[in-house]
Amino acid sequence: MKTLSLLIIVFLINITCKESTTVYICNSPGAKKYHNTSDCRGLSNCTYKIVKVDIEKAKKDGKALCGFEK
């Protein structure tokens, strides 16, 4: 029983400590930032579609975290 309780606690800690894997980007050719939330004010000037992508893809495409979210 102690082992099961320990496994549950470790699982819950792992879930709460993981970095969000989904971020938002403006789908314009010149966009250089990614955003943790879809309502970030850095996305307010986006005239293209705002899309959800994996953070790994955003970083691979050369995007950096928006300055409003640092």
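The model is predicted, so to speak of a local feature takes a pLDDT of at least 70, and side-chain atom pairs count only at pLDDT 80 or more, while totals for chains, interfaces and linings use all residues. Residues are numbered from 1 along each chain as its sequence is written, and side-chain values use heavy atoms, with hydrogens and water left out.

**The overall layout**

The chain has two helices and four strands, and from the N terminus on they come in the order α-β-β-β-α-β. Helices (H or I, at least four residues) and strands (E, at least two) are DSSP runs, numbered from the N terminus. Of the 70 residues, 24% count as buried. Here buried means under 20% relative accessible area, exposed means over 50%, and partly exposed is in between (1.4 Å probe, protein chains only).

The accessible surface of the chain comes to about 5,600 Å², and 58% of that belongs to carbon and sulfur atoms. Such areas come from the Shrake-Rupley method with a 1.4 Å probe, and for residues only the protein chains shown count as cover. As for contacts (heavy atoms within 4.5 Å), take those between residues at least 6 apart in sequence: 63% of them join residues at least 24 apart.

Four of its five residues are buried, so β1 is largely enclosed by the rest of the structure. Strands β1 and β3 run antiparallel, joined by five bridges; two strands are said to pair if DSSP finds at least two bridges between them.

How many disulfides does a search of the whole structure find? It finds one, where a disulfide is a pair of cysteine sulfur atoms within 2.5 Å. The bond links cysteine 26 and cysteine 46, with 2.1 Å from S to S. Its angle about the S-S bond is 80°, which makes the link right-handed. Cysteine 26 sits in strand β1 (residues 22-26) and cysteine 46 in the loop between β2 (33-34) and β3 (50-54), so the pair ties together parts that are 20 residues apart in sequence. Cysteine 26 also has a bridge partner in β3, namely isoleucine 50.

Cysteine 66 is in no disulfide.

| Residue | Relative accessible area | Class |
|---|---|---|
| Cysteine 26 | 11% | buried |
| Cysteine 46 | 18% | buried |
| Cysteine 40 | 8% | buried |
| Cysteine 66 | 4% | buried |

Histidine 35 touches both cysteine 40 and cysteine 66. Leaving aside neighbours within four places in sequence, its other contacts include Val23, Tyr24, Gly42, Leu43 and Glu69. Histidine 35 is placed in the loop between β2 and β3, and it is buried, at 4% relative accessible area.

**The cores**

A nonpolar core is a set of buried Ala, Val, Leu, Ile, Met, Phe, Trp, Tyr and Cys residues joined through side-chain atoms within 4.5 Å. The largest one here has seven residues: Val23, Ile25, Tyr34, Val51, Val53, Ile55 and Ala58. Strands β1 and β3 and helix α2 (55-60) each give two or more residues to this core. A second, separate core has five residues, among them Tyr24, Cys26, Leu43 and Cys46. In a regular strand the side chains alternate between the two faces of the sheet.

**A few lysines**

Lysine 63 lies in the loop between α2 and β4 (64-65). Is lysine 63 buried or exposed? At 14% relative accessible area, lysine 63 is buried. Its C-alpha atom is separated by 4.8 Å from that of lysine 32, which is 31 residues apart from it along the chain. Not counting residues up to four places away in sequence, lysine 63 touches Ile25, Ala31, Lys32, Lys33, Tyr34 and Ala58.

Lysine 57 has another setting. Its side chain meets that of aspartate 61 in a salt bridge, at 2.7 Å from N to O. The structure holds one such bridge, defined as a side-chain nitrogen of Lys or Arg within 4 Å of a carboxyl oxygen of Asp or Glu. Lysine 57 is partly exposed at 42% relative accessibility, and aspartate 61 is partly exposed at 40%.
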